[in-house]
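Biologist: I have two chains on the screen and would like to go through how they meet. Could you take my questions in turn?

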2 protein chains.
Amino acid sequence: MRIAAQSLTREAFAPFGDVIETDGSRHFPINEGTTERFHDLAPVDVSDEGGRPLINLFRAQPRSLPLAVRIMERHSLSSQAFVPLSQRPFLVLVAPPGETVRIEDLKAFVAQDGQGVSYRRGVWHHPLIALEVESDFLVIDRGGPGENLDETAFPAGEAELTY
Amino acid sequence: MRIAAQSLTREAFAPFGDVIETDGSRHFPINEGTTERFHDLAPVDVSDEGGRPLINLFRAQPRSLPLAVRIMERHSLSSQAFVPLSQRPFLVLVAPPGETVRIEDLKAFVAQDGQGVSYRRGVWHHPLIALEVESDFLVIDRGGPGENLDETAFPAGEAELTY
């Protein structure tokens, strides 16, 4: 099955989490009007079972397309937010929460123009899919006790991702 | 008094908080080796008195130099982290925690090459000082009950910041 990435919008991504972007966000001036604050762009859901928020940087190697989809992961205890530190596009591949991932439930999106995403707790997602060049992302996720990573694998050839 | 900004290093900034950068940070491969994770780059100290972490974007207008220093602020309940979404330099002006700011205790730094900063709780800092062009920053700070902003003002002409 071939999965084509669609434009990333809040509406289309709502079943999986939040789009981190300024367009359509609540904002107000601060610092005597010299700065505009785009406020509380995505929930940070990390505190259950003794968790705490972490600030990390992920440096991702670019993937070649079409990408053979072999693995998906989820974090059962927390959200995870990715904000690109470049204005380069990247791909997002997700599936709804649940014990398994069905190939036919996979949805793919193209993040553009600095859009970031926050995966809601339990949402299945593919590891980072940078394009063309090595790309840095700021990542807000969870540290602390508990098992917060599940992975599931697909047989080769079942699904590939295009753009 | 004229304050000249110095290079931003972890050592020099240690009394005020953390430098968010990959150089010298703990890192390890994830995602089958396709991504390097630079892990837990700065503490997120936001949970006291019912606080929660917020993800925000600050869009800062550039300041002209020398900058007349007229105001400093602090957050008594939380840290506040700034990561530039461009590779442009910006200035950081800080003073140690305490009831007041003494002009002679002000320290200024130039963040370069994607360096970010996290101000430790209670550290006095100047509102964002972007340079030359409008600049976006991802900001991790605190939402929730309690008064988390103090400001202090200086008479005109007492201090100016250069680069």
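Biologist: How many salt bridges does the rule find across the interface of chain B and chain A?
Modeller: This is a predicted model, in which local features need pLDDT of at least 70, side-chain atom pairs count only at pLDDT 80 or more, and totals for chains, interfaces and linings use all residues. Residues are numbered from 1 along each chain as its sequence is written, chains are lettered from A and ligands numbered from 1 in the order in which they are written, and side-chain values use heavy atoms, with hydrogens and water left out. A salt bridge is a side-chain nitrogen of Lys or Arg within 4 Å of a carboxyl oxygen of Asp or Glu. Across the interface of chain B and chain A, the number found by that rule is six.

Biologist: Which residue of chain B forms a salt bridge with D141(A)?
Modeller: In this pair the closest N and O atoms are 2.9 Å apart. The partner of D141(A) is R37(B).

Biologist: What area do chain B and chain A bury between them?
Modeller: Buried area is the accessible area (1.4 Å probe) that two parts lose on being put together, summed over both. Of the area buried here, 56% is on carbon and sulfur atoms. The value for chain B and chain A is about 3400 Å².

Biologist: Which residues of chain B lose the most area to chain A?
Modeller: Together they make up 17% of what that side buries. They are R37(B), I55(B) and R59(B).

Biologist: In strand 6 of chain B, which residue is the bridge partner of E36(A)?
Modeller: Strands are DSSP runs (E, at least two residues), numbered from the N terminus, and two strands pair if DSSP finds at least two bridges between them. Strand 5 (residues 35-38) of chain A and strand 6 of chain B run antiparallel and are joined by four bridges. In strand 6 of chain B, the partner of E36(A) is R59(B).

Biologist: How many residues does the contact take from chain B?
Modeller: Contact means heavy atoms within 4.5 Å. Chain A gives 37 residues. From chain B, the contact takes 37 residues.
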